[in-house]
Amino acid sequence: MQSLGFSYALLPVLQKLYPDRAEFEARLRLHMEYFNTQPYLASFILGAVARLEEDRAAGRASASAIDAVGLKSALMAPLGALGDSFFWGALKPLAAVIAVALVMAGVWWAPILFLVLYNLWHVGLRMSVLFWGYHSSGDAMALMERYSFTRMARLFKAISLSVLGGVLAGISGWRPEFGPNLPLPGPVVALAALTGTMLLVSVLRRGGSPIKLMLGLALFCLALAYAGVV
Amino acid sequence: MFDLHMVLAITGVALVGGLIGLDRTAAGQFMISQPIVAAPFAGWLLGDATAGLVIGAMLELIWVLDMPVGSFVPADATVSAVTATAVAALTCPGGAPRSVLGFCLLLSAGTVPFTMMAETSVRNWNSRLVDAAHAVAGADVARSLSRAHLTGLFAFFLKSVVLYVLLLPAGLAAAALFMRSPSIVQVAMELFLKLLPLLGVALVVRRLSISSLDPFVLTGFITAGLATLVLHFHAALVTLLTVVSGWLGVRYREHRR
């Protein structure tokens, strides 16, 4: 999956460490084996592998020390799970719901804020874990202790949910494309939106893909239009 | 319908969309390929940034938690968002009405199976590239690896370009038919656009929370309700307050434990 990109990123390191052509090729071929993890935390493994290869080339690696290839195999699954749940499952939704909340209220620069919020964390962590991987020689326990991804993921998810609650409360101030235009007081419309959304959540718990739900909603709207309700 | 201007516009969208699409998995992943960024950008290039903003925000909510976990290939929300925006902007050059925006959002759902099929094929082909580089004998393995890497990047670019070239004309033809549809269909699509945010919010809440009536959603709802309806704060300040209330909620929960 990611072995092509990983071995390509490692290419300059291996070229520098192994002037002997045969040894360089042998090491490169080893790193072209199957590799798949969360792409940002792959930086940690990349830093660690560079360090282990450096130790090996300098003759500093002891016989009992883990080999760079073994380290890759050992770390890719746990870091994949950790990174997926933090970056895809918590950080991205947080940046997205904040940006969407602002778009709904008519703020045009929300996409820029999304990029800034996300990349401040993403680029910072990506650089940081690359060097941390190099300095710690791939000590994943120290990485988890230092960054507490699980705790941050919980926090980001809770904040995302809070912002979504705010989006529903502000329904009367949504931009005109989404505005309900109902002759009802704002709090009543907001409560109706909250109730409707919670009902939808209950329906979603029984299953259904986003595509099916979009199609179902479109059919529901068509039915309402044909019935003359709207 | 497909005059020179339209052909040039489709070609431009395909090339720009192909470059933006590289950010999804092939290079960088700085999130410029996310619908909330890619769609307004495409809309701005085609003269209707508002359509892009509306379509991008909705598709962001719907697809944000469709995660590329393990070997699962998620929907290519970039192609869907840019296609929907381009169809809206090219169908109604002066600014797409709400019914067209609703229709284009529905249209984006139709693009998903095609994008997933194309993505799966390119990923499989990309995996075979490394095997091919591996099989090279002798001293050329590094050069072969570099070539395979660049070929992989080009394959992802080409995949997006081909998808745009196929999906955009089909989408424009569908939008032209929609414009001639009875007014009742147009009213339904306008209602669809208004109800879609609720579905989007529900999709995210369902994935982030284990309970239907989540306490953090209620906290944000009450905070924003007071800030908006009683204190009439600006939207950006209200959003900031909901962020703070969520953070305080977590601190309170941790403190109780």
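In chain B, helix α4(B) passes α5(B) in a right-handed crossing. Keep in mind that this is a predicted model.

**The α4(B)–α5(B) pair**
- Helix α4 of chain B covers residues 77-91, and its axis runs 8 Å from that of α5(B), at an angle of about 140°.
- On the α4(B) side, the contact is made by B:Val79, B:Ser80, B:Ala81, B:Thr83, B:Ala84, B:Val87, B:Ala88 and B:Thr91.
- Over on α5(B), the residues involved include B:Val100, B:Leu101, B:Cys104, B:Leu105 and B:Leu107, along with B:Ser108 and B:Thr111.
- Sort the residues of this contact by class and you get 11 nonpolar, 6 polar and no charged.

**The nonpolar core**
- The largest nonpolar core has 158 residues, and A:Val100 and B:Ile55 have the most contacts inside it.
- Helix α4 of chain A (residues 68-104) gives the most to this core, putting in 21 residues.
- Domain 1 (4-208) and domain 2 (211-257) of chain B both give residues to the core, so it lies between them.
- What does A:Val100 touch, leaving aside its neighbours within four places in sequence? A:Val100 is in contact with A:Val167 in its own chain, and with B:Ile36, B:Ala57, B:Glu60 and B:Leu61 in chain B.

**Domains of chain B**
- The domain assignment gives chain B a domain 1 (4-208) and a domain 2 (211-257).
- Taken over C-alpha atoms, the centres of these two domains of chain B are 33 Å apart.

**Where chain B meets chain A**
- Chain B brings 83 residues to the contact and chain A brings 82.
- Several helices of chain B give two or more residues to the side that touches chain A, among them α2 (35-45), α3 (49-63), α5 (98-135), α6 (141-179) and α9 (235-256).
- The largest share of that side comes from α7(B), with 19 residues.
- By class, the side of chain B that touches chain A has 59 nonpolar, 19 polar and 5 charged residues.

**A glycine in a loop**
- A:Gly59 sits in the loop between α3 (42-57) and α4 of chain A.
- Is A:Gly59 buried or exposed? A:Gly59 counts as exposed, because it has 6 C-beta neighbours inside 10 Å, and the cut-off for exposed is 12 or fewer.
- A:Gly59 and A:Gly47 are 12 residues apart in sequence, with 18 Å between them, C-alpha to C-alpha.

Notes:
Residues numbered from 1 in each chain as written. Chains lettered and ligands numbered in written order. Predicted model: local features only at pLDDT ≥ 70, side-chain atom pairs only at ≥ 80, totals over all residues. Core = buried A, V, L, I, M, F, W, Y, C linked by C-beta atoms within 7 Å. Buried ≥ 20, exposed ≤ 12 C-beta atoms within 10 Å, placed from the backbone. Helix = DSSP H or I, 4+ residues; strand = E, 2+ residues; numbered from the N terminus. Domains from an automatic or database assignment. Contact = placed C-beta atoms within 7 Å. Nonpolar A, V, L, I, M, F, W, Y, C, P; charged D, E, K, R; others polar. Axes fitted to C-alpha atoms, helices over the stretch in contact; angles between N-to-C directions. Left-handed = near helix turned anticlockwise from the far one by under 90°.
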